[in-house]
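Please take a moment to look at the model below and turn it around slowly. Then read on for a guided walk through some of its details.

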Amino acid sequence: AEAAVAWICTFGILCCKAGEIRRSEENCYPMPPEVSRRLREGKPLDMMVNIHGQCGSYCVRCCLWRPPRDPEGAICHHCAVCARCYRDFDHHCDVFGRCIVRRNMWLLKGLVLMLGLGVLTTALAWVVRAFGSILQ
């Protein structure tokens with residue numbers, strides 16, 4: 001059972017794009033004037049800082065508007081490894097090569113729990129096998 005749950009958790013982490021803010025016309029425009037000017041002039045945006053406005057913050061690396069902080073306190077963050085913005089970002093997991101956010105955190109916790117249970121089950125089986133003959 002642990003293996004099946006671990007496979008499901010792994011599949012969920014690897015295949016779901018939880019929290020990723022996908023680019024669309026609604027969240028890419030209007031561009032802030034400074035960004036638009038620099039792009040027209042062919043200047044890079046890499047030295048710019050994010051631009052804060054009334055509708056959220058503009059990520060100069062993704063070139064999109066991110067939603068403002070929600071009532072639960074969740075913020076958006078740009079992952080330098082994935083080069084994408086995520087809602088409710090927690091951390092980038094180098095083991096899976098994916099970002100862990102609030103929506104897939106339960107899958108990661110489930111996977112870690114299954115690892116612990118698998119180790120415990122293996123240790124218990126070893127103890128029963130090693131000492132089972134003594135008890136009989």
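This report visits the backbone, the core, the surface and the salt bridges in turn.

This is a predicted model, in which local features need pLDDT of at least 70 and side-chain atom pairs count only at pLDDT 80 or more, while totals for chains, interfaces and linings use all residues. Residues are numbered from 1 along each chain as its sequence is written, and side-chain values use heavy atoms, with hydrogens and water left out.

**Backbone details**

Most residues other than glycine have a negative phi, and most peptide bonds are trans. With that in mind, find proline 30 in the loop between helix 2 (25-28) and helix 3 (33-41). Helices (H or I, at least four residues) and strands (E, at least two) are DSSP runs, numbered from the N terminus. The peptide bond that leads from tyrosine 29 into proline 30 is cis, with omega near 0°.

Next come two residues with a positive phi. Cysteine 63 has a phi near 55° and sits in the loop between strand 2 (56-59) and strand 3 (64-66). Cysteine 63 is also buried, at a relative accessible area of 13%. Here buried means under 20% relative accessible area, exposed means over 50%, and partly exposed is in between (1.4 Å probe, protein chains only). For aspartate 88, phi is again near 55°, and its loop runs between strand 5 (84-87) and strand 6 (89-93).

In soluble globular proteins, nonpolar side chains tend to be buried together. The largest nonpolar core of this model has eleven residues, among them Ala6, Ile13, Phe96 and Leu108. Helix 1 (2-15) and helix 4 each supply at least two residues of this core, and helix 4 gives the most, with five. A nonpolar core is a set of buried Ala, Val, Leu, Ile, Met, Phe, Trp, Tyr and Cys residues joined through side-chain atoms within 4.5 Å.

**The surface**

Helix 4 (residues 102-135) also holds leucine 117, which is partly exposed at 32%. Together with Leu113 and Leu120, Leu117 makes a nonpolar surface patch of about 280 Å². Patches are made of residues with over 30% relative accessible area and no salt bridge, with like charges joined within 9 Å and nonpolar side chains (Val, Leu, Ile, Met, Phe, Trp, Tyr) within 5 Å.

A positive surface patch is formed by Lys17, Arg22, Arg87, Arg98 and Arg103. One of these, arginine 87, lies in strand 5 and is partly exposed, with a relative accessibility of 39%.

**Salt bridges**

How many salt bridges does the structure hold? There are six, where a salt bridge is a side-chain nitrogen of Lys or Arg within 4 Å of a carboxyl oxygen of Asp or Glu. The table shows some of them.

| Salt bridge | Closest N and O atoms |
|---|---|
| Glutamate 34 and arginine 38 | 3.8 Å |
| Glutamate 41 and arginine 37 | 2.9 Å |
| Lysine 43 and glutamate 41 | 3.2 Å |

Salt bridges that share partners join Glu34, Arg37, Arg38, Glu41 and Lys43 into one network. Glutamate 34 and arginine 38 are separated by about one helical turn because they are four residues apart in helix 3. About one helical turn also separates glutamate 41 and arginine 37, which are four residues apart in helix 3. Arginine 38 is buried at 18%, whereas glutamate 34 is partly exposed at 31%. Glutamate 41 is partly exposed, with a relative accessible area of 45%, and lysine 43 is partly exposed, with 40%.

How values were computed. Areas by Shrake-Rupley, 256 points an atom, 1.4 Å probe, with all protein chains shown as cover. Lys, Arg positive; Asp, Glu negative; His and termini not counted. Charge placed at Lys NZ, Arg CZ, Asp CG, Glu CD.
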